[in-house]
Amino acid sequence: MSFIPKHRRSVHEMKRAYNNRIYRFYGIVERYLGSKLDIIIHEKLAKIPSISSYTAIEYACGSGILTLKLSQLFKSVTGRDFSIKMLERAKVRARDAGCTVKFLEGNILAVDEPEKSYDYVFVSFALHLFPPDQEKEILKKLCRVARKSVIIIDHGKEWKLGIAIIEWLEGSYYDQFIKIDFNSIAQEIGCNSFDETQIADCTVLFFLCD
Ligand SMILES: C[S@@+](CC[C@H](N)C(=O)[O-])C[C@H]1O[C@@H](n2cnc3c(N)ncnc32)[C@H](O)[C@@H]1O
């Protein structure tokens, strides 16, 4: 892993990259991640008791791959992202699929939802974009927003060359993300309970906030 030199994008560079280039070929990612998310929904999320009575928000929702799927399960779903181009893509996808989702601009580093304003808060394939200290801060803020749980879906803990190359191009913290002890973070930020599972080569984290 150490033979790949570090390449990290700042928040502004990341926003520019998504608005200028990445949104154009996100269709490939939608197909790849979509099938993984289907398995995670089937094995984990759909089993949340009384799910249809709860509200959810997804931060860094991108083109809404997960958001659209969640809209079939939850009472209402909001998606927020800082890239206008990704949000435009998400809105078109929702319209084409006949899904009702509210999409809004929003920066995960400046969460402005009132305390306990949603039952479930999701982040899918975006937490690895941030350095570990920032990840902890993000989780802490999101736990304040969630009445029930913060649910993180991201790359699996096993290092993969293909993903490392893609993430190097994206300028993320994948190499550090896969080593993070989220159980310790859950205790540090005061979560009542924490659950980590590996499903479909993905990490699924439940931070219980109620
Ligand atoms: C790899 S994509 C994942 C998108 C989507 N959640 C998915 O599963 O396909 C990362 C997303 O995070 C968004 N993002 C990155 N930094 C962000 C920030 N600071 N605030 C909000 N969104 C951000 C990008 O615009 C992009 O849409």
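This briefing describes the core, strands, pockets and some individual residues of one structure.

The structure is a predicted model, in which local features need pLDDT of at least 70 and side-chain atom pairs count only at pLDDT 80 or more, while totals for chains, interfaces and linings use all residues. Residues are numbered from 1 along each chain as its sequence is written, and side-chain values use heavy atoms, with hydrogens and water left out. Helices (H or I, at least four residues) and strands (E, at least two) are DSSP runs numbered from the N terminus.

**Nonpolar core**

- The largest nonpolar core has 74 residues, of which Leu45, Phe74, Val150, Phe182 and Phe207 touch the most other members; such a core is a set of buried Ala, Val, Leu, Ile, Met, Phe, Trp, Tyr and Cys residues joined through side-chain atoms within 4.5 Å.
- Buried means under 20% relative accessible area, exposed means over 50%, and partly exposed lies in between, with a 1.4 Å probe and protein chains only.
- In soluble globular proteins, nonpolar side chains tend to be buried together.
- Not counting residues up to four places away in sequence, Phe207 touches a set of residues that includes Leu139, Cys143, Val150, Ile152, Phe182 and Phe194, where contact means heavy atoms within 4.5 Å.
- Lys148, Ser149 and Ser193 are also among the residues that Phe207 touches.

**Strand E7 and its partners**

- Strand E7 (residues 202–208) has 6 of its 7 residues buried, so the strand is largely enclosed by the rest of the structure.
- Strand E5 (residues 146–155) runs antiparallel to E7 and is joined to it by 7 bridges; two strands pair if DSSP finds at least two bridges between them.
- Strand E6 (residues 193–199) is likewise antiparallel to E7 and joined to it by 7 bridges.
- Val204 in E7 has Ile153 standing opposite, and Thr197 also stands opposite Val204.
- E6 and E7 form a hairpin with 2 residues between them, and Ala200 in the turn has a positive phi of about 50°.
- Asp201, in the loop between E6 and E7, has a positive phi of about 60° although it is not a glycine.
- Asp201 is partly exposed, with a relative accessible area of 49%.

**Strands E1 and E2**

- In strand E2 (residues 76–81), 5 of the 6 residues are buried, so the strand is largely enclosed by the rest of the structure.
- E2 pairs with E1 in the parallel sense over 5 bridges, and the bridge partner of Thr55 in E2 is Ser76.
- In the loop between H2 and E1 lies Ser50, whose phi is near 55°, a positive value in a residue other than glycine.

**Pockets**

- The largest pocket has a volume of about 520 Å³; on a 1 Å grid over the protein atoms alone, a pocket is an open set of points where a 1.4 Å probe fits, with protein on both sides within 12 Å along at least five of seven lines, and its lining residues have an atom within 4 Å of a point.
- Grid points are joined across faces, edges and corners, and a volume is the space filled by probe spheres set on the points.
- Of the 19 residues that line the largest pocket, Phe25, Val29, Ile166, Glu167 and Glu170 lie nearest its centre.
- Helix H1 (11–20), helix H2 (26–43) and helix H6 (161–170) are the elements that give two or more residues to the lining of the largest pocket.
- The lining of the largest pocket has 13 nonpolar, 2 polar and 4 charged residues, where Ala, Val, Leu, Ile, Met, Phe, Trp, Tyr, Cys and Pro count as nonpolar, Asp, Glu, Lys and Arg as charged, and the others, Gly among them, as polar.
- The second largest pocket has a volume of about 430 Å³, and of the 33 residues that line it, Tyr18, Ala60, Asp81, Ala126 and Leu129 are the closest to its centre.

- Met14, Ala17, Tyr18 and Asn19 are buried in H1, and what covers the buried residues of H1 includes H2, helix H4 (84–97) and H6.
- Arg31, in helix H2, is exposed, with a relative accessible area of 63%.
- Arg144, in helix H5 (residues 132–145), is partly exposed, with a relative accessible area of 41%.
- Not counting residues up to four places away in sequence, Arg144 touches Glu115 and Lys116.
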